[in-house]
Amino acid sequence: MRRGVGLTLLAAALSVLVSSCGNGVIDKSTDGVPPAEATGTLRVLVPSFPPSTKGREAFQKVVDDFHKTYPKMKVEPDFATYKNLNEKMSTSIAAGIPYDVMVTGVGWVQPFASKNIFEDLGKYGVTPDVIKEKSTPALIPAVTYDKKLYAYPLVADARAVALRKSAFREAGLDPDKPPTSLADIKVAAEKLTKRDKNGNITRSGFDLASATGFRQSFTTFLAATGTPLYVGGEPNFDNKAGLDTLLWIKSMINNVQPYGQTNAAQQPLVLTGEAAMGIVNGGVDCSADGIGQKNCDDLKFFRFNSGKEIEYVGGDLASIGSRSRHKDAAWSFIQSMTKPTSLDLIAKLNKKVPAYKDASNSPQAKSNPLSQFVADGLVYAVNENEVPSNWLEMRGNFDIQLTQAVLGQKDPAKVLHNLAGQSR
Amino acid sequence: MSTTLERPALAAPRKVTSSKDSRTLIRSQARAGWALLAPALLHSAVFIVIPVIAVLVLSLTDYSFGDTWSWVGFGNYADLFRDVDFLASLWHTVLYAIVVIPISMAISLAVAIGLNQKIRGLGFFRTAFYIPTVTATVAVATIWLWIYNPGSGLANGFLSLFGFAPNRWLADPATALPSLMVVGIWQGLGTKIIIYLAALQGVSRDLIESAELDGAGRWQRFANVTWPAIGPVQFFVLITSIVGTFQVFDLVYVMTQGGPGSETRVLVMDIYQNAFQDLKLGYASAETVIMMIVIALFIGVGRLLQKADAND
């Protein structure tokens, strides 16, 4: 009898302990409840706002706008980074408290939509025509899975190529005629590469922006030949164009740029003068706080064109969690995030281009020549295109195996064949 | 010389009631024992037994955080042995363990012997050797990233004094894993030194003096007195080192992310990648089971070596 009582007490104590570890309350669904009456916590996973004071202030403006419709809902942000996005999402699912709003990037939507983690936005009226009319059409393939749309674009993360006019002149090249094809870029890069007396590269001729992996640069260079990485989820790189592109990258690494070259600030090397030419992302700060006007004036921007003029465009894409108990509120929050004023804030914070119709006239595009250039070039947008549903796995596979091919550890043709076989 | 301790024979019960009292006493002692054990048992059940069972079950499924999953039997295990990343990770981990464990144990023992002498500044040296252990791995890794920096790092700066060409330590496939091993060895010294030091201070002075009187030299005293006396501690250090090196992750994550290519990819990194980046939790669970088996095998080998050493 006494033992039974003891065990019961122990069980009760444990229950109290366990329940006190969390708040113990799971929100009731607010879907169908009038917005003014809805209560609960909206959990938002968002890498678009840096967890700095400025980032938090910008996010609060979105929350304030959302509260005009849902005044009683609490918003709980998780300012993740793209590096830990998957961990955040997987652990939240495993813990049974998935996010209501999830902002991801190009290549995330298809894998998560195929696992039923994202909600089809068709029921909120999001169609390809709506995105064409109001947002960035180039990102439609990135938000589409099985002919349904699972995300709404927030900002476009566009990349261009930049050259240093002074370095070009010094090497006897004409900066007004930038090399755009892979072959011409290699010739120019070799002329622009500077070495010390021991033959070590002191200034790279071309920065491939591939410090940790060659997936994005391979995609970009391949697309410049008119060959998208995937078509309808099927691999399109295990061919002559793919092999030529990979061999070209191999011929550049440790020839015009040391493998793994990066700087402490993670800045594109051409902006800091550590490379004479190279890939840059979507914005540059020409003020004294940034690289300065003199450096800015020394830059010229152009796009790859090895048969097709292209601009690599990623982006921040907002989705609703399929297990959310506040789907209507989540959609309302996305609407608050996609208002032009909010998109301008996100674009400025991340040096990206707002994903609305007239991005070329956005404050971000007007703020610096690089953003203006990439905004004007969104019509040339390419990216991984319609990736297979195991893309999350393939991202890592690409990074590892392309590096092995570039460093001469594996045969490039076999690597491409292997990657094609692994895509499913 | 050996001494046998014999349990004194229990006196025959004089009365039935005293036998009853004794049983009651044993039962109450047993209850007290269970009560004292309960927190540890509860902890083990919640944080060890249940997760282990969950991992075993998950390893037989294709669970990937989605709505649906299915049993795949031993399919994940079969796939693992065809997975070049897993095989590379396993090999790198085993190599890391084989190099790091003996070298760090040997250096630690040597340093501990040094610190066991009556030398000046003993407190300073003990603290200095222990600091890497209490420093966060992320901080340690960041400092070593600077040391290995090809352009402005200390390692290349030092080598340049002797006319050596700069090396791209972490970016070169040939030197990336050995560079990590050096950090691993350095970081693990502190704990081992403290344990060895405690063991060395427990070695009987009488035995050492006896050996000295018998004419044993310094090496003979170490080999025949000190070494056998610290045998159990050696085994403890070996086991904790095996577990520690097989679980190396943070160092690799901060310094190389497993690269270049997969040259420094280790088992836990591969498990992390599969579970939380590729979202293949079932597959990663199978990998975890394999890792547990490999650690058990290594511990088994260590135990055999310890037994052989003790018999010698």
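What follows is a short chat about a predicted model with chains A and B.

Q: How many residues of chain A are in contact with chain B?
A: This is a predicted model. In it, 26 residues of chain A are in contact with 26 residues of chain B.

Q: And how much area is buried between chain A and chain B?
A: About 2200 Å². Carbon and sulfur atoms give 52% of that area.

Q: Which residues in chain A lose the most area to chain B?
A: A:Lys115, A:Tyr259 and A:Ile400. Together they make up 22% of what that side buries.

Q: What about charge pairs? How many salt bridges are counted between chain A and chain B?
A: One salt bridge. B:Lys280 and A:Glu393 meet through their side chains, at 3.1 Å from N to O.

Q: How many residue pairs are in polar contact between chain A and chain B?
A: Ten, with both residues at pLDDT 80 or more.

Q: Which elements of chain A give two or more residues to the side that touches chain B?
A: Helix 3 (85-94) and helix 17 (391-406) of chain A. Helix 17 gives the most, with seven residues.

Q: Which residue of chain A meets A:Glu393 in a salt bridge?
A: A:Arg424, at 3.8 Å from N to O. A:Arg424 lies in the segment after helix 18 (412-422) and A:Glu393 in helix 17 of chain A, so the pair ties together parts 31 residues apart in sequence. A:Arg424 counts as exposed, at 57% relative accessibility.

Q: How many salt bridges turn up over all chains?
A: A search of the whole structure finds 20. One of them joins the side chains of A:Glu170 and A:Arg203, at 3.6 Å from N to O.

Q: Where do A:Glu170 and A:Arg203 lie?
A: A:Glu170 is in helix 7 (residues 165-170) of chain A, and A:Arg203 is in strand 9 (residues 201-203) of chain A. They are 33 residues apart in sequence, so the pair ties those parts together. A:Glu170 is exposed, with a relative accessible area of 53%. A:Arg203 is buried, at 13%.

Q: What does A:Glu384 form a salt bridge with?
A: A:Arg215, with the closest N and O atoms 3.6 Å apart. The pair links distant parts of the chain, 169 residues apart. A:Glu384 is in the loop between strand 17 (381-382) and helix 17 of chain A, while A:Arg215 is in helix 9 (residues 215-224). Both A:Glu384 and A:Arg215 are buried.

Q: Switching to chain B. Where does B:Arg265 lie?
A: In the loop between helix 11 (250-255) and helix 12 (267-277) of chain B. B:Arg265 counts as buried, at 8% relative accessibility.

Q: What is B:Arg265 in contact with, leaving aside neighbours within four places in sequence?
A: Among others, A:Ile400, B:Asp85, B:His92 and B:Asp270. A:Ile400 is also one of the residues of chain A that lose the most area to chain B.

Q: What does UniProt list for residues 90-302 of chain B?
A: An unreviewed UniProt entry lists "domain: ABC transmembrane type-1" there. Over residues 90-302, chain B is 75% helix and 0% strand. The end C-alpha atoms are 19 Å apart.

Technical notes: Residues are numbered from 1 along each chain as its sequence is written. Chains are lettered from A and ligands numbered from 1 in the order in which they are written. This is a predicted model: local features need pLDDT of at least 70, side-chain atom pairs count only at pLDDT 80 or more; totals for chains, interfaces and linings use all residues. Side-chain values use heavy atoms; hydrogens and water are left out. Contact means heavy atoms within 4.5 Å. Buried area is the accessible area (1.4 Å probe) that two parts lose on being put together, summed over both. A salt bridge is a side-chain nitrogen of Lys or Arg within 4 Å of a carboxyl oxygen of Asp or Glu. A polar contact is a pair of N or O atoms within 3.5 Å; within protein, one must be able to donate a hydrogen and the other to accept it, and residues adjacent in sequence count only if both atoms are side-chain atoms. Helices (H or I, at least four residues) and strands (E, at least two) are DSSP runs, numbered from the N terminus. UniProt positions are given in the numbering used here, feature names are shortened, and annotations may be inferred rather than shown by experiment. Buried means under 20% relative accessible area, exposed over 50%, partly exposed in between (1.4 Å probe, protein chains only).
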